[in-house]
Amino acid sequence: MEILKTELELNNWVKNQHANTTKIGFVPTMGALHEGHIYLVKQSVKQELATIVSIFVNPKQFNNASDLNKYPITIEADIKLLKKSGCNALFIPTIDIIYPSYFLPIKLDLGILDKVLEGPKRPGHFNGVAQVVYRLFKMVNPDKAFFGLKDFQQCKVIKLLASHFFTNIKIELCPTIRHKSGLAMSSRNMRLSDNGKKRASLIYKTLNVIKNLNNAIEPKDAIKYGKHLLAENNIEVEYLELANSKTLDSWIVWQPEKQNILLIAAYIEGVRLIDNIQF
Ligand code: AMP
């Protein structure tokens with residue numbers, strides 16, 4: 001696996017792939033890699049794409065400075081995992097490469113995506129995501145890019161970005177990879193104690209409880225019950241909502257089959273976790 005640290009090294013790697021007419025598969029990450037990230041990498045490798053992962057903790061997408069400062073960095077372990085996964089190249093840019101002095105932010109109207117769920121809770125977050133992915137897509141110029149549905153609203157932002165600026169890049173959305181307990185894998189889980197991890201598994205269990213009340217009782221009552229279960233275990237819910245998975249607007253009635261999505265953000269031991277379930 002090649003490790004690319006400068007723009008020149010990246011450009012040369014990209015040129016080499018194009019010269020060999022090899023298609024490029026790209027997995028952008030913020031590092032502290034786990035099996036969820038590796039699943040995305042393996043999807044690209046399986047499709048015989050020259051697979052490149054980026055690790056860049058993007059300050060523009062953190063609306064909270066302490067969250068940014070506490071973001072785990074485990075670069076040596078990340079490199080080991082990537083080497084085993086069949087990844088061909090790792091791009092580790094510095095902030096000056098991503099945001100050089102001549103950097104001009106793109107304008108992308110996020111519409112409803114900035115007004116619901118994560119949007120109002122993390123002002124500027126999705127704009128920051130759009131900026132970094134725009135820069136990375138421009139530099140890497142992949143044929144395909146892989147993202148995880150764990151960050152469902154982010155997937156919608158990426159699709160919107162691609163439809164405006166990168167119609168040549170295929171966006172593949174991959175399922176959420178979970179621990180046996182049901183807890184969605186996340187770099188943030190590293191900050192939880194064993195007890196915190198155990199309690200965090202109740203997030204997915206509760207989403208399933210609510211899902212199973214589908215059409216039996218009204219969504220608001222099912223959600224109220226879910227919130228009660230979480231509160232009993234000292235899990236502080238920031239939001240827990242039913243939405244239509246196509247549009248992401250909130251709903252007070254169950255949606256047609258396969259268009260329901262329950263989305264949650266919750267705090268455990270001061271760590272903010274998100275998850276969702278579609279049905
Ligand atoms: P991050 O490093 O958190 O920015 O995540 C990089 C990519 O990995 C994003 O597309 C995430 O949605 C995806 N990802 C993170 N956790 C998981 C997971 N548990 N399962 C699948 N994909 C994930």
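Author: Contact here means heavy atoms within 4.5 Å. The model is predicted. With that cut-off, take helix α4, residues 75–85.

Start with its buried side. D78, I79, L82 and S85 are buried in α4. Buried means under 20% relative accessible area. Seen down the axis of α4, these buried residues fall within an arc of 125°, so they line one face of the helix.

What covers that face? The cover of the buried residues of α4 includes β1, α2, β3 and β4. Strand β4 spans residues 89–91.

Now turn to the other side. E76, K80, K83 and K84 are exposed, on the face of α4 turned away from its buried side. Exposed means over 50% relative accessible area. Just after the helix comes G86, with a positive phi of about 95°.

Next, the covering strands. β1, β3 and β4 belong to an open sheet of six strands. The order is β1-β4-β3-β2-β5-β6, and the pairing is parallel. At the edges stand β1 (2–4) and β6 (170–174), each pairing on one side only. From one strand to the next, the twist averages 25°.

Helix α2 is also part of the cover of α4. Helix α2 covers residues 35–46 and packs on the sheet. There α2 touches β2, β3 (50–55), β5 and β6. The direction of α2 makes about 155° with that of β5.

β2 (residues 24–29) and β5 (residues 144–148) run parallel, joined by two bridges.

For contrast, look at a part with antiparallel strands. Strand β8 holds residues 260–268. Eight of the nine residues of β8 are buried, so this strand is largely enclosed by the rest of the structure. Eight bridges join β7 (residues 236–244) to β8, and the two run antiparallel. Within that pairing, L240 stands opposite I264 in β8. Strand β9 (residues 271–278) is also antiparallel to β8, again through eight bridges. Here L263 stands opposite N276 in β9. The hairpin of β8 and β9 has two residues between the strands, and E269 takes a positive phi near 50° there.

Back to the helix. One face of α4 holds D78, I79, L82 and S85, all buried. The face turned away from them carries the exposed residues E76, K80, K83 and K84.

Key:
Residues numbered from 1 in each chain as written. Predicted model: local features only at pLDDT ≥ 70, side-chain atom pairs only at ≥ 80, totals over all residues. Heavy atoms only, no water. Buried < 20%, exposed > 50% of the residue type's maximum accessible area, 1.4 Å probe, protein only. Helix = DSSP H or I, 4+ residues; strand = E, 2+ residues; numbered from the N terminus. Pairing = 2+ DSSP bridges. Axes fitted to C-alpha atoms, helices over the stretch in contact; angles between N-to-C directions. Arc of directions from axis to C-beta.
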